[in-house]
Amino acid sequence: LRDASALWGQETAEVERMLRAELGDERLRVAQCGIAGENLVRYANVMNDVTRAAGRTGLGAVMGSKRLKAVAVRGTLGVKIADREKVNSVSGWLRDNWPKLSQGLHDNGTADGLLDLDERGGLPTRNFQEGSFEGALKITGATMTDEILVERDNCFACPIACKRKVKTAGRYQTDPKYGGPEYETLGALGSCCGIDDLEAIAYGNQLCNAFGLDTISAGVTIAWAMECFERGLLTTKDTDGLDLRFGNADAMVTLVERIARREGFGNLLAEGSLRAARQIGRGTERYAMQVKGQEVPMHEPRIKFGLDLGYAISPTGADHVHNIHDTGFENAADLDDVRSIGILDPLPAKSLGPEKVRLAAYWINRQMLHNSMGMCMFLPYRLWHLCDMVQGITGWNSSAFELLKVGERALAMARAFNAREGFDSEDDEPPWRFSTAFESGPAAGVKVPAEEVAEAIELYYGMMGWDRDSGAPTRARLYELGIGWVADLF
C-alpha cells in the first residue's frame, strides 16, 4: 500500500504516467477510480489503461469511498494451459472466421451498426422520444473513420481491433491517448441528447475517460435534464444558467465536467437521473429512462421486444450485455449458436410470447456465463467454443449444461443479493415510454405492449424458479443450482 495523495485530483492518463514513473516500469498496468470516483459520482467507472472502463453501476465510486485511488500491477509469469492443442483450435477458428463475422467492427468500431439502427427506427433520440435521428449520418462509425480516426486499437492479442483512437484539432481538441467513442457514447452523448457534432461527442468521450465516468449514464442523465428543460420542468435557475435544449453540444460538454467534479447543477446530475428527479420533483421522475436506478443503454426495445424483458429483470438495472437482442434470432442462419440448447426456429424481433421468453431465459444465462468468464461480447465465439476454452485452459471436463448453470447461478446470486438489500418484484419494471408508440420515423406506431411485458415477466419468473413477491430464487431453485446456503442469507 502506497500513499496516493499526489495522485488524487489528477486525470487518468496523468495518474498512469505518474505511477509508471514512480515504479520505473512502462509496462505497468493500472486500474483506477478517476476524479469521478473520488467524488463518489454514482456512475463512476473503474478505468483500466485509461481507455478501458469497467463501466455501469458505479464501481469507481466504490473505490473512491474506500479512498483507493489505483491498483498498479505488473505480470511476469506465464499462463499454464492444460491442453494447448484444444486452445489453439479455438484460436485458429477465430483467426480464420473473424473477417467474415466481424469485419465491420474492425473497419468502423462498435458504431458500425449505428446507421442500421437509425434506419430501423431503433437509435435512441432525444431521451428515447424518437427512434431515428436526422443527424445520424454525421456520427456514424464510418464518419468517425473517415474524419477523425488516427489509429485502430485492440485488446491484447485480439485481431478485430474494434477500439478507436481519434484526434480533433478544431473547437474541441481531443488527444488519441484517450481513445475514441464507442457506439454507446455516440448514442448517449449524441443522438440521445440531439447532438450531431462528432467533435463535441469525441471530446465528451475524452472527458469521461479522463475523469472516469460511465458515458451511458452521463449521456442519458443529461438527456433527461434536457427533456425536463424543454418541458419547462427545469429552468436556467436550476441549471446554473445553462440552456439545456436538445442539440446544445456546449451544454453537454460543460455538464460532463461538472458532473465529474460535482460542481453546481452537475452535483445533482452526479446522483443519476432517478435520484435527481426524486430530489427535484415537479413530475420530472416520469422522464428518467432507467431501471432500478440505472440509465437505459443505447438499445431500443420497440424494435426488439425481448430486450424490454431483459431490462426489467436485470439485477443491476437496465443492461444490454447480459440481455437478449432479438434481431439476432430472426433468421434460420442466426440460430447456429442456440440450436444445441433447443432453439430451433427463428423468432420475430417484435414478439414476446412463450417461445421468446424461453429463448431469453437460455440466452441471458449464456450472457451471464460470458461475463463470468471475462469474455468480450464482440468475439464471435459459439457455445461449444466456450466449452473448449474452459476444458483446454483448466483441464476441467465441463459440459455446456454445466457452464450455462454457471451463468444461471451468477444471476440467481445477484437476485438474492438484491432481495436482501430491499429490492423486490415491483422493481422489475421497464420505463413506461417503451410501451407508447413512436409518433414518427421508420418504427412509427410500434410499441412494446405493456400487458405482454407483464405476462412475459410472470412467465420468466416461473421458468427461472423465482418467487413472485421477493423476486429472488426460491429455496428449491437455489438447492437445484447447488447453492442452497444462499437461501439463509436473505
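Guide: This is a predicted model. Start with the word pocket: a pocket is an open set of grid points with protein on both sides within 12 Å along at least five of seven lines.

Visitor: How much space lies in the second largest pocket?

Guide: The second largest pocket holds about 310 Å³ of space.

Visitor: Which residues lie nearest the centre of that pocket?

Guide: Of the 14 residues that line the second largest pocket, Leu-1, Arg-2, Ala-4, Leu-19 and Ala-70 lie nearest its centre. At least two lining residues come from helix 1 (12-23), and at least two from strand 4 (70-73). Sorted by class, the lining has 9 nonpolar and 5 charged residues, with no polar ones.

Visitor: What about a cavity?

Guide: In a cavity, a 1.4 Å probe fits but cannot get out. There is 1 cavity of 30 Å³ or more in the structure.

Visitor: What volume does the largest cavity have, and which residues line it?

Guide: Its volume is about 50 Å³. The lining of the largest cavity includes Lys-292, Arg-415, Asp-424 and Asp-428, along with Asn-418, Phe-423 and Ser-470. By class, this lining has 4 charged, 3 polar and 3 nonpolar residues.

Visitor: Now the surface. Which residues make the nonpolar patch?

Guide: For such a patch, nonpolar side chains are joined within 5 Å. Here Met-413, Trp-485, Leu-489 and Phe-490 make a nonpolar surface patch of about 410 Å².

Visitor: Where is Leu-489 found?

Guide: Leu-489 sits in the segment that follows helix 18 (475-480).

Terms used. Residues are numbered from 1 along each chain as its sequence is written. This is a predicted model: local features need pLDDT of at least 70, side-chain atom pairs count only at pLDDT 80 or more; totals for chains, interfaces and linings use all residues. Side-chain values use heavy atoms; hydrogens and water are left out. On a 1 Å grid over the protein atoms alone, a cavity is a set of points where a 1.4 Å probe fits but cannot get out, and a pocket is an open set with protein on both sides within 12 Å along at least five of seven lines; lining residues have an atom within 4 Å of a point. Grid points are joined across faces, edges and corners, and a volume is the space filled by probe spheres set on the points. Ala, Val, Leu, Ile, Met, Phe, Trp, Tyr, Cys and Pro count as nonpolar, Asp, Glu, Lys and Arg as charged, and the others, Gly among them, as polar. Patches are made of residues with over 30% relative accessible area and no salt bridge: like charges are joined within 9 Å, nonpolar side chains (Val, Leu, Ile, Met, Phe, Trp, Tyr) within 5 Å. Accessible areas come from the Shrake-Rupley method with a 1.4 Å probe; for residues, only the protein chains shown count as cover. A salt bridge is a side-chain nitrogen of Lys or Arg within 4 Å of a carboxyl oxygen of Asp or Glu. Helices (H or I, at least four residues) and strands (E, at least two) are DSSP runs, numbered from the N terminus.
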